[in-house]
Amino acid sequence: MTKKILKELYLQQNENIYLVIKLSDRRVYIYQDDQLKTSYPIAIGREGWETPPGKYKVIQKIPNPSWKHPFTGEIIPPGPENPLGERWIGFWTDGTNYIGFHGTPNEETVGQAVSHGCVRMFNQDVLALFEKVAIGTAVIVEP
């Protein structure tokens, strides 16, 4: 019984949260109950690798992720050299490739169009976002 109650409380806490990525602003906005709660600066996909507009849901949450290089297949383990930083929040896939929010060791890139479609964030911001969202949280990407 306690597990069920905790699960319901957890879902209730997150069910009214959704994210809006405004590519033109290079920011992600966090809404709860249709009220803007906060926003964070982001980096977005560069020309030819644009972050895809549309309506999505959080499909993955991975603390301390490994990263697989999209061209060489090399695996970079969690740590300071990992291009994903300390958290991964995936919201798009074609079955092979994934797009999501992640931190970055290259914080000077935040605010630019430089990624392979992913949404790069300052590490402290993605840590905070990771705690606010759940699997199933809506992610709306607008031009």
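How many helices and strands make up the secondary structure of the protein? There are 2 helices and 13 strands, where helices (H or I, at least four residues) and strands (E, at least two) are DSSP runs numbered from the N terminus. This is a predicted model, in which local features need pLDDT of at least 70 and side-chain atom pairs count only at pLDDT 80 or more, while totals for chains, interfaces and linings use all residues. Residues are numbered from 1 along each chain as its sequence is written, and side-chain values use heavy atoms, with hydrogens and water left out.

**View 1. An open sheet of 5 strands.** The strand order is S3-S2-S1-S13-S5, with mixed pairing; two strands pair if DSSP finds at least two bridges between them. Strand S3 (35–41) and strand S5 (54–57) stand at the edges, each with a single partner strand, so one side of each has no neighbour in the sheet. From one strand to the next, the twist averages 20 degrees. As a reminder, strands of a sheet pair through backbone hydrogen bonds, either parallel or antiparallel.

**View 2. Strand S1 beside strand S13, with helix H2.** S1 (residues 17–22) and S13 (residues 138–142) run parallel and are joined by 5 bridges. Look for Tyr18, which stands opposite Ala138 in S13. Helix H2 (residues 123–132) packs on the sheet and touches S1, strand S2 (27–32) and S3; contact means heavy atoms within 4.5 Å. The direction of H2 makes about 145 degrees with that of S3 (axes are lines fitted to C-alpha atoms, for helices over the stretch in contact, and angles run from 0 to 180 degrees between N-to-C directions).

**View 3. Two hairpins.** S1 and S2 pair in the antiparallel sense over 6 bridges, with Leu19 opposite Ile30 in S2. Their hairpin has 4 residues between the strands, and Arg26 takes a positive phi near 55 degrees. S2 and S3 also pair in the antiparallel sense, over 6 bridges, and here Tyr29 stands opposite Ser39 in S3. The hairpin of S2 and S3 has 2 residues between the strands, and Asp33 in the turn has a positive phi of about 50 degrees.

View 4. Ser115 sits in strand S11 (residues 113–115). Is Ser115 buried or exposed? Ser115 counts as buried because its relative accessibility is 2% (buried means under 20% relative accessible area, exposed over 50%, partly exposed in between, with a 1.4 Å probe and protein chains only). The side chain of Ser115 reaches the backbone oxygen of Cys118 at 2.6 Å. Leaving aside neighbours within four places in sequence, Ser115 is in contact with residues including Ile44, Trp49 and Arg120.

Methods: A polar contact is a pair of N or O atoms within 3.5 Å; within protein, one must be able to donate a hydrogen and the other to accept it, and residues adjacent in sequence count only if both atoms are side-chain atoms.
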